[in-house]
Amino acid sequence: MNAGIDVPTVERFGALYIASARLKSMSKWRTIIAAVDIGNPLFYLIAVGIGIGVMVEQGSGTSGTNGIKYIAFIAPALLANTAITGIMDETVFPTIEGFKWRKLFFAQNSTPITGRQIAIGVYLAALCRALFAVIAYYILLLAFDVVNFGISILLVPIAVLGGGAFGALMLFAAAKIEKEDQFFNILGRLVIMPMFLFSGTFFPLTSMPVYLQPIGWISPLWHATELGRESAFDYGISTTMVVVHLVFLSTLLVIGLGLATRQFERRLSK
Amino acid sequence: MSNPLISARGLTKKFGDFTAVNAVDFDVAKGESFGLLGPNGAGKSTIMRVLAATSQRTSGTVEILGKDPELFGPLIRAHLGVVPQQDNLDGELTVTENLYIYGRYFGLSKKFIRNKIEELLEFAQLEEKRELKVEALSGGMKRRLTIARGLVSEPDILLLDEPTTGLDPQARHILWDRLFRLKEQGVTLVLTTHFMDEAEQLCDRLVVMDKGSIMAEGSPASLIKQYSSKEVLEVRFGSDRNKEVAPQLATMCERMETLPDRILMYTEDGEKLLEKITHAGMHATTSLVRRSSLEDVFLRLTGRTLIE
C-alpha cells in the first residue's frame, strides 16, 4: 500500500480539489470569459444609459422608479442576472460534460473523492466565476457613475447570492436530465428569458398585472434585484421584506445544493 | 484461496427488470492477473464498476481489500487504479496536468506526484507529449495516459475495462507490453476483454462470461484443455455448400461447429483429419489447421462467437 495516500485529507478538502481543477479548466478560457463578462455589461450600460434610459426619462421622468435614474434602477437587476448566467454556464455545462460528454466525474469518483464533493466543487468554482463577473460589472457601474462607491458594494454579495440560489437548482437539474438538447431549449426559452423579463428587471414588479407577479415572487432574480436596489439607493423596502428576500434566496440555495449532492451520489453509483 | 484481494459471492446487479450480473462468485489473489472474458453485454463492465467501489450492487457480498465497497468506498478506492472502457481524461488540460490533478485526489503530496509523473511519462512513452493538451493525442496515447493516470497512486489493484478495444494492432501490442511489465512488477490486474488473444496473453486465470453469468473458470490453458480439443481444422466449402457437407463431416471428428462462413472441426490431429476429408472426395475451398483457443472454449460453452 502506498503510504503517501491520505484519505482523511481528501475527506476534508476534496471539494476544494475539484473546485481548483474546475478553475484550471476555466482558466484555459480566460480570454473568452473576460470578454463576455466585461463586454456584456458594457453593451447594456451603453444601450440603456444613452438609449432606452433617456427615452424612458423623457416620457415619465423618474416617477415610475422611485426617483432613481433608469439606468441605476435596472443596474442591480443586470448585476444579479450576470451572476445567474455566469453560474449557469459553469454548473450546467460542466455537469453534463462530467456525467455524459466526457464522463470526467466518473474519473474523479474513481479516487477517494465522493459524488457529494464533486457537486460542491463544481458549485464553488461556478460561484467564483459569478463573483468575477459581478465584480467586473460593479467596477463598470462605478466607472459609468451609475452607483456611488460605498454601501452599494453590497450589490456584489447580493448578486452572487441570487446567482448561487439559481445555480444550485441548475446543478441539480443538469445532474438529473438525461437528454440535454431538450433541456437547453426549455431552459433558455421558458426559464431564463421569462425570468429576465418578468422579475421587475426593467420596471417594478408591481406595475405588472397581479396575475403575472407570481413569476417574480418565485424568481431568484427578483429577490436579488429588490435587495440590490435597497442596498444601492435606499429604495424603500421594509425590513421584513429584506428578511423575506434573504430567507427565500438562502433557502433555495440550501435546498438546491441538497438535491444536487444527492443526485450526484445517485447517478455516480448506478 | 487464502486472503484474496477481491472476493465476490452471489454478486447480482439489476437495472430495473434487467439482470446485468446474475449471482457470480469469484476471488482474485494478490499478484494475480485475472480476466473476465465475454462478448459485449455479458456484464463485465458492470462487475468492474462494482469492483471499482462506485456502483452499488443489488445483492450478494463483495469484499475488496477486506472491506465492503458500499461502506468503505473512499477508503477502498484510495488503493485502486481504474481504467474505464471509455477514456475520461480532461481534454482541455495537458498530459501532466491530468496526472497531477488526479494524483491530488488521493491526497498525495505535490513532491510525490511530480516524481511519479516523470516515471509514468516514461512508462507510457509520453515524455515528448507532456505539455500537449490531451485532445491532441492519438487513441493509443490517450489509452496509455489513462493507464498511467490509474497508476499515479501506486494502486494495489489495477482494474482495466477493455484496455485495447478500438486500438490499431500496433497500439495494442505496445499496450500489452506495458501491461505485461506491470504484471511482472507484481501489480494485481483485473481486466475485461472480448479478445481471446488478449485474455491468453495477459491473464493467469479467467472466467468466461455470458449474459451476466459465469460459464467457466480456469487458466487459459486449462480451459482450452477442458473444453476443446488440441487442434482445430477450419474448412470452407463456400457458403451454400457448408450446410450440405456438414452431416457427413460430423461423423469424422469428435465435435463440430457450423458457422455461417466456415466449419470448425475439433480433433487431436488437424492434418490427418484434412487428409481423411480429401480421401472421402470432399474438396474444401480453403482449409486451416490451428491450435484451439479461448474462442473455441466460448463457442463450446455458449454456441456463439465472442465478436458477433
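**Close-up views of a predicted two-chain model**

View 1. The model shown here and in every other view is predicted. In soluble globular proteins, nonpolar side chains tend to be buried together.

View 2. Leaving aside residues up to four places away in sequence, Leu159(B) touches Met48(B), Leu51(B) and Ala52(B), together with Leu80(B), Gly81(B), Val82(B), Val83(B) and Val190(B).

**View 3. The open sheet of chain B.** Three strands of chain B, in the order S2-S1-S4, form an open sheet with antiparallel pairing. Strands S2 and S4 (59-64) of chain B stand at the edges and have a single partner strand each, so one side of each is left without a neighbour in the sheet. From one strand to the next, the twist averages 25°. S1(B) and S4(B) run antiparallel and are joined by five bridges; Ile6(B) has Ile64(B) as its bridge partner in S4(B). Helix H1 of chain B (residues 44-51) packs on the sheet and touches S1, S2 and S4 of chain B. The direction of this helix makes about 120° with that of S1(B). Strands of a sheet pair through backbone hydrogen bonds, either parallel or antiparallel.

**View 4. The hairpin of S1(B) and S2(B).** Strand S1 (residues 6-15) and strand S2 (residues 18-28) of chain B pair in the antiparallel sense, and seven bridges make up the pairing. Ala8(B) has Phe26(B) as its bridge partner in S2(B). Two residues lie between the strands of this hairpin, in which Gly16(B) adopts a positive phi near 65°.

**View 5. The contact between chain A and chain B.** At this interface, 29 residues of chain A are in contact with 30 residues of chain B. On the side of chain A that touches chain B, helix H1 (7-27) and helix H4 (104-108) of chain A each supply at least two residues. H1(A) gives the most to that side, with eight residues. By residue class, the side of chain A that touches chain B comprises 12 nonpolar, 10 polar and seven charged residues.

**View 6. Chain B and its domains.** The domain assignment divides chain B into domain 1 (6-79 + 156-221), domain 2 (92-150) and domain 3 (229-291). A separation of 50 Å lies between the C-alpha centres of domain 2 and domain 3 of chain B. The secondary structure of chain B consists of 11 helices and 13 strands. Along the principal axes, the C-alpha atoms of chain B fill a box of roughly 75 × 45 × 35 Å. Of the 308 residues in chain B, 47% are buried. Among chain B contacts between residues at least 6 apart in sequence, 69% join residues at least 24 apart.

Notes. Residues numbered from 1 in each chain as written. Chains lettered and ligands numbered in written order. Predicted model: local features only at pLDDT ≥ 70, side-chain atom pairs only at ≥ 80, totals over all residues. Pairing = 2+ DSSP bridges. Helix = DSSP H or I, 4+ residues; strand = E, 2+ residues; numbered from the N terminus. Contact = placed C-beta atoms within 7 Å. Nonpolar A, V, L, I, M, F, W, Y, C, P; charged D, E, K, R; others polar. Domains from an automatic or database assignment. Buried ≥ 20, exposed ≤ 12 C-beta atoms within 10 Å, placed from the backbone. Axes fitted to C-alpha atoms, helices over the stretch in contact; angles between N-to-C directions.
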